Amino acid sequence: MPEKWLHSVYRYTLKQLTSKWYRRCRANLEVRRRLTWNIFQSIEYAGEQDQLKLHDFFNTMLMNMATDGDGPAPLIKAFNVNKRESIYDTQTMPDTSEPSLYSMLNETDVEKSYKGVHLSFPLTHDQLHKMVQCFKRKLASSALTTLHAKYTMELLLEVRKVLKTQPNIRYASTSISKQFTICGDLHGKLNDLYMIFHKNGLPSVDNPYIFNGDFVDRGQSSVEVALVLFSCFLMNPNEVYINRGNHEDHVMNLRYGFIKEIQRKYKSHSSKIISLFKDVFSWLPLATVVDEQILVCHGGISDTTDLSLLAKIDRHKYMSTLQPPGGCEDIKTMKRDELIEWKQVLDLLWSDPRTIDGCLPNTFRGGGCYFGADITEEFLKKNNFKLLVRSHECKTEGFEYTHNHKVLTIFSASSYYEVGSNLGAYVRVQRPDLECRIVQYMAGHSPAIRKISFTQRVNIVEQSALQDLKKRIIACKNELMKGFQGFDPTNSGIISGCDWCFTMETVLEMELPWRTLKSKLVKSDDSCGVFYMSTFEELEVKHRYSGNGPSITETLYKNKDNLETIFRLMDADHSGQITMQEFQDALVILIKQLDIKIKETDIADIARSIDLNNDGLIDFNEFLEAFRIVDNLGKDKTHCIDKADTEEEIAHSPQKAIDIKV
């Protein structure tokens, strides 16, 4: 009897210990997962904040530059996207019925060697299915070619013609279909769109969809995602609703990859196609209302959001919501009504909900507002709505309810930050009570990836997040060193953990749990002192044109995203080349912005070193791709993604996803 009793006690104790150990392990993994998520999200939002800061700087800086005698300098003109002169500019583009528009189609021939899908208008279901299958095969085979340029332009013109007839806020009904499907951000992830169609079916009278913006940028297949969505829209204009997101914006496209993707896939035709996409995006509706009870918009609302005012504005003048609409040289000269109108659009596309009541500027992103549950309650009550559905934020489960279940965030791009980092989701709104049914998925991964454990997935995602964070750290090495040395007057190389954390948060402007991250980023002694030089010992920045010393190299690397945005704005014909003078002007802008001392001769030397063939033109793609991150042994840590690489290949290779792409 005592033996059996002891055995039972032993088994019970072992079970309890095992259960405690398991719960502790899961809790530790959850802490690591949330920490990783914070890193990814902070880096993403910091990039958007940098984009807005750059344009705020342009507003005050560029107007002080020299003019060309008859008006603003060409460089200044380049930065106001809403006012740039172009035959295809929104303010001057004629209707599709005019021969002048069709002339550019007649100038583009479909080669006999083209083996892709052929389109004729109006589109047929057979053509749509062929396009979907063609893109699916090319995604699997890593091919770069997409729909022919002629058909792409014709498709965009047809879409534009229909969009022009639609209001700023569309109204949808479930009276026939009895349900509605709402999708969030896709960000160029074709596998996720196909997963949605596989699970939920293609759009039809009985199966209507709302695509809630941000279907381009970041991903490798933004062109194909846009073309499939626009084709579905043309086939079913009353059943497919496409809202504008903050990334259906020309300036955002310059920074986050869509423009570069078009240039890579369409070569000599890219300029016309970029102009058409820019124009079509400006015609996208701003929001959709379902059964007069659910508002669907990309970002959110503010305490001043007025749907009656939004319904009246001229939406297509906002080719970029980051800049004042066409005709305005400076924000200070804008009329009050124009400012209010602009803010209405910004708030709808950029805002985020928060747990605290009230409405404040969205300082984390740099644009839009934070709105609390009280703002949501007041807005819904005023407009007789029961729910606000929005996107704009990646969520680990693909969705999230906030504000007492009155705000639903839906995000449809799975593995957005890294393989396995998050689920994608869409929502089916069903009658009679407009109940929301969430469908989650993980798209585009091999069986081997899907079978990895939760612990392995956390390890992969954590490693990728730390690599991204280290890139930002090494780019700010000079500023961080000044901060560290300020706490080390004796040059001992050691500072306290508190001082290290304070410097990291102050310089990087990222509110992360630095105490938790400290053990992963820097070495410490037994008394909790930090060897701050170890923060940088693993990596350093190299560039093939780095003859002017490390300071200029680090400066260029830190600001390469801003440089690329500036270059692409200057590159009016989207050729990938700018003049030597334009390149030097761009560097002067950044130098003045950062208030650093670099000799003008150094700037000229950099420009000359890049112009290898001495033709006076600079291939800035080559300049940007010349950056390398190397460790202290000189080993190259950078993997420049080859043009043949696809989203699928990257997803199947964790190392590719981690490596730095410049």
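**View 1. Asp352, Arg390, Glu393, Lys395 and Glu400 are tied together in a network of salt bridges.** A salt bridge here is a side-chain nitrogen of Lys or Arg within 4 Å of a carboxyl oxygen of Asp or Glu. The model is a predicted one, where local features need pLDDT of at least 70 and side-chain atom pairs count only at pLDDT 80 or more, while totals for chains, interfaces and linings use all residues. Residues are numbered from 1 along each chain as its sequence is written, and side-chain values use heavy atoms, with hydrogens and water left out. By the salt-bridge rule, the count comes to 15.

**View 2. Zooming in on the pair Arg390 and Glu393.** Their closest N and O atoms sit 2.6 Å apart. Arg390 is buried, at a relative accessible area of 0%, and Glu393 is buried too, at 10%. For these labels, buried means under 20% relative accessible area, exposed over 50% and partly exposed in between, using a 1.4 Å probe and protein chains only.

**View 3. Glu400 meets Lys395 in another salt bridge.** Here the closest N and O atoms are 3.0 Å apart. Glu400 is partly exposed, with 31% relative accessible area, whereas Lys395 comes out buried at 12%. Both residues belong to the network of the opening view.

**View 4. The largest nonpolar core takes in 60 residues.** Such a core is a set of buried Ala, Val, Leu, Ile, Met, Phe, Trp, Tyr and Cys residues joined through side-chain atoms within 4.5 Å. Leu147, Leu193, Phe211, Phe215, Val228, Phe230 and Phe277 touch the most other members. Helix H7 (residues 222-235) is the top contributor to this core, giving 10 residues. A separate core of 32 residues lies apart from it, with Leu35, Val461, Met510 and Leu512 among its members.

**View 5. A closer look at the contacts of Val228.** Leaving aside residues up to four places away in sequence, Val228 touches Met131, Val132, Phe135, Leu193, Tyr194 and Phe197. Contact means heavy atoms within 4.5 Å.

Conventions: Helices (H or I, at least four residues) and strands (E, at least two) are DSSP runs, numbered from the N terminus.
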